[in-house]
Amino acid sequence: MSLIEKILQREEFKEKPPVLIDIGASNSINPKWKKIAKYSICIAFEADNRDIDFVEKKSKDYKKLFLFNKIVIDNDNKEIDFYLTKFPYCSSVLKPDSKALEDWVFSNMFEVNEVKKFASIKLNDVLNELDLTYVDWFKTDSQGIDLRLFKSLGKNITDKILAAEFEPGILDSYNGEDKLHELMQYMDTQPFWMSDIGVKGVQRISKNLIEIYFNGEENYILASSMKTAPGWAEVTYTNDLTNADLFDIRDYLLSIVFALIDKQYGFAFDVSVKANEKFKDPLFEELNNYLKKKINNYLLKQKALKVPKSIIRRLKGK
């Protein structure tokens, strides 16, 4: 049995399972959750044409899986215009900024095929419907409204979220979208630290220029292999647990589980040491020993690489 399984089989998680939210799940729920799925309640959102509010799907993967066929928004509207684009994963409640997109090679992917009314719902209404009062891991890829959806939960919930994933834009893709710099500015004021970021990119050359000067469609594909400029980012934030009074032993254990999943062993060790002092539970001593071994193995690997002495002196401040 793995340590993650040992943690999640404790009584704390039988009484209060991890709650995971995935907005923009499409047909693939967050793959990071594979190791914790069978112990967790997953709430996923995928808009389509079916005339149902939500279904509790039977799943061999999750303890409970709820699939909502509605658009998640941050207001009380019961339906909303949804811009269906040429490339389905660019569809959004926000209108694509066609003028700003003209300069980028993927502009045609944002061409609007249809504007359709979809049923919509607020996250808090979903939680109330499911009789849940907390979220542990929040993940959204909402094409432009990630930050407002996170904030719509209210600080009584967001302050206790342990991990939050976003996919904000850097360039202008939608009118009025939540951008990366806005997300970073807001999260800097919250009890979170950025634990991961992956910047994705696209080529700055218009499709029209390729068609006129470089023989059109065939070279459009080739142009997509040129160097990219930053276009959007995949960002993960982790709760720093500085508001210690908000968190119990369950939260500390789950924070360690999430850190192990993201391979943030240093943070996991920091949380485990503090939790061991606070709760005196033998499992934290076991976690401490496991994490010390993990970190030591990493240090030994780095030592084998023979890090230059100049770098070591710099790190020591000499």
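Author: Arg-148 is partly exposed, at 23% relative accessibility. This is a predicted model. The side chain of Arg-148 meets that of Asp-178 in a salt bridge, with 2.8 Å from N to O. Arg-148 belongs to helix α5 (residues 146–152), while Asp-178 sits in the loop between β9 and α7; the pair therefore ties together parts 30 residues apart in sequence. Asp-178 is buried, with a relative accessible area of 11%. The cut-off for buried is under 20%, and Arg-148 has 23%.

Tyr-174 lies in the loop between β9 (163–166) and α7 (180–187). Its ring pairs with that of Phe-110: the centres are 5.7 Å apart and the planes stand at 65°, so the pair is edge-to-face. The angle cut-off for that class is over 60 degrees. Phe-110 lies in the loop between α3 (98–101) and β7 (112–122), so this contact ties together parts 64 residues apart in sequence. Both Phe-110 and Tyr-174 are buried.

Now α7 itself. Which residues of α7 are buried? They are Leu-180, Leu-183, Tyr-186 and Met-187. These residues cover an arc of only 130° around the axis, which puts them on the same side of α7. The general rule for helices is simple. An α-helix has 3.6 residues a turn, so residues three or four places apart point the same way. The face of α7 turned away from the buried side carries the exposed residues His-181 and Gln-185.

The charged end of Lys-151 sits over the ring of Tyr-186, 4.8 Å from the ring centre. A second contact of this kind involves Lys-16. Its charged end sits over the ring of Tyr-134, 4.7 Å from the centre.

The whole structure has 16 aromatic pairs. One aromatic cluster is formed by Phe-138, Phe-150, Phe-166, Phe-192 and Tyr-237.

Back to charges. The general idea is this. Side chains of opposite charge can pair when their charged atoms come close. The structure holds 19 salt bridges. One of them joins Lys-38 to Glu-5, with the closest N and O atoms 3.7 Å apart. Lys-38 is in the loop between β1 (19–23) and β2 (41–45), and Glu-5 is in helix α1 (residues 3–8), so the pair ties together parts 33 residues apart in sequence. Glu-5 is partly exposed, at a relative accessible area of 23%.

Lys-38 has another lysine to compare. Lys-60 lies in the loop between β3 (54–57) and β4 (64–68). Lys-60 counts as exposed, at 78% relative accessibility. The C-alpha atoms of Lys-60 and Lys-38 are separated by 7.4 Å, though the residues are 22 apart along the chain.

Another salt bridge runs between strands. Lys-117 pairs with Asp-81, the closest N and O atoms being 3.1 Å apart. Lys-117 is in strand β7 and Asp-81 in strand β6 (residues 79–85), so to speak distant parts of the chain, 36 residues apart. Asp-81 counts as partly exposed, at 31% relative accessibility. Salt bridges also form a network here, linking Asp-136, Lys-160, Arg-250 and Asp-251.

What about covalent links between cysteines? A disulfide is a covalent bond between the sulfur atoms of two cysteines. The count comes to zero disulfides. Cys-42 is buried, with a relative accessible area of 0%. Cys-90 is buried as well, at 7% relative accessibility.

Helix α11 (residues 265–279) has 15 residues and should span 21 Å at 1.5 Å a residue; its end C-alpha atoms are 20 Å apart, which agrees. The buried residues of α11 include Phe-267, Ala-268, Val-271, Ser-272, Ala-275 and Asn-276. Seen down the axis, the buried residues of α11 fall within an arc of 165°, so they line one face of the helix. After α11 comes Lys-280, whose phi is positive, near 55°.

Definitions and conventions
Residues are numbered from 1 along each chain as its sequence is written. This is a predicted model: local features need pLDDT of at least 70, side-chain atom pairs count only at pLDDT 80 or more; totals for chains, interfaces and linings use all residues. Side-chain values use heavy atoms; hydrogens and water are left out. Rings of Phe, Tyr and Trp (its six-membered ring) pair if their centres lie within 6.5 Å; planes under 30 degrees apart count as stacked, over 60 as edge-to-face and the rest as tilted. Helices (H or I, at least four residues) and strands (E, at least two) are DSSP runs, numbered from the N terminus. Buried means under 20% relative accessible area, exposed over 50%, partly exposed in between (1.4 Å probe, protein chains only). A charge sits over a ring if NZ of Lys or CZ of Arg is within 6 Å of the ring centre and within 35 degrees of the ring normal. A disulfide is a pair of cysteine sulfur atoms within 2.5 Å. The expected span of a helix is 1.5 Å times one less than its number of residues. The arc is that of the directions from the helix axis to the C-beta atoms. A salt bridge is a side-chain nitrogen of Lys or Arg within 4 Å of a carboxyl oxygen of Asp or Glu.
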